Amino acid sequence: MNKRLIIARYNENLEWLKTYNDFEITVYNKGESLRESKLFQVINLENKGRESHTWLHHIVNNYNHLNEINIFLQGKIDDLNCMAYKNPNDYLKKINKYGFSVSRYGLLGPFHWDWNVNINKDIRYKKQWENNEISRSNIGFRNFSKELFPDIPLFVATSYSGCFAVKREAIHLNDLLFYKKLLNILSKNKNPIEGHYMERLWCYIFTRNRPLIDSCLDVFKTKIERFKIW
């Protein structure tokens, strides 16, 4: 199986990659200098656009020679709870169903198309938002999505954390110009709000909403788990 790990790294320790030497590995480094390794290729990028910029950069620059399976992961994968597998091989188990695989789906509904996707109310981003470290959008999340997909429905299967696996043919559902346009948008700011939009849209971009039923089931599963914690 032709498979690659694509890693978005800032200053994370990548020792965990040694366990996965059966993958081809590309590390996009946006932080402190990282020594080239026999295990992985290092490509240095300017620190902008969040992980979505990294994924789009990889897709645009490898569009005609992508691996059969591409697993996009952040430099640290053990702090995202149920939103990311701790073992990349787990993404392979269900990838044949939709050509796309995540650890846990979510669901966008009528209350999730907020202009700023509610990050202005999220404690994790409060300081960045108030200090204008996150860029603003002139059109908002729903209009941004409809510019990409005019017929996008109100209920949409989504995923969070920006970690997922996708087959080459699913990426090729969209032409190269589509990804170049998005890359240009994500290249304009270190922390663009469009990065948060993209996190919620990757699933639709590659699946056209086919996992909708699975996403409903996963939302129910997540709510049960949170209830048990309470």
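Trainee: How many aromatic pairs are there, and what makes a pair?

Mentor: The count comes to 17 aromatic pairs. Rings of Phe, Tyr and Trp (its six-membered ring) pair if their centres lie within 6.5 Å; planes under 30 degrees apart are stacked, over 60 edge-to-face, the rest tilted. This is a predicted model: local features need pLDDT of at least 70, side-chain atom pairs pLDDT 80 or more, while totals for chains, interfaces and linings use all residues. Residues are numbered from 1 along each chain as its sequence is written, and side-chain values use heavy atoms, without hydrogens and water.

Trainee: Why is the pair of Phe-149 and Phe-178 called tilted?

Mentor: Their planes stand at 50°, with the centres 5.7 Å apart, so the pair is tilted.

Trainee: What makes this pair tie together separate parts?

Mentor: Phe-149 lies in the loop between helix H4 (140-148) and strand E7 (156-159), and Phe-178 in helix H6 (residues 176-186), so the pair links parts 29 residues apart in sequence. Helices (H or I, at least four residues) and strands (E, at least two) are DSSP runs, numbered from the N terminus.

Trainee: Why does Phe-149 count as buried?

Mentor: Its relative accessibility is 8%. Buried means under 20% relative accessible area (1.4 Å probe, protein chains only); exposed is over 50%, partly exposed in between. Phe-178, at 13%, is buried too.

Trainee: What kind of pair do Phe-178 and Tyr-179 form?

Mentor: Edge-to-face: 85° between the planes, 5.2 Å centre to centre. Tyr-179 is buried, as is Phe-178.
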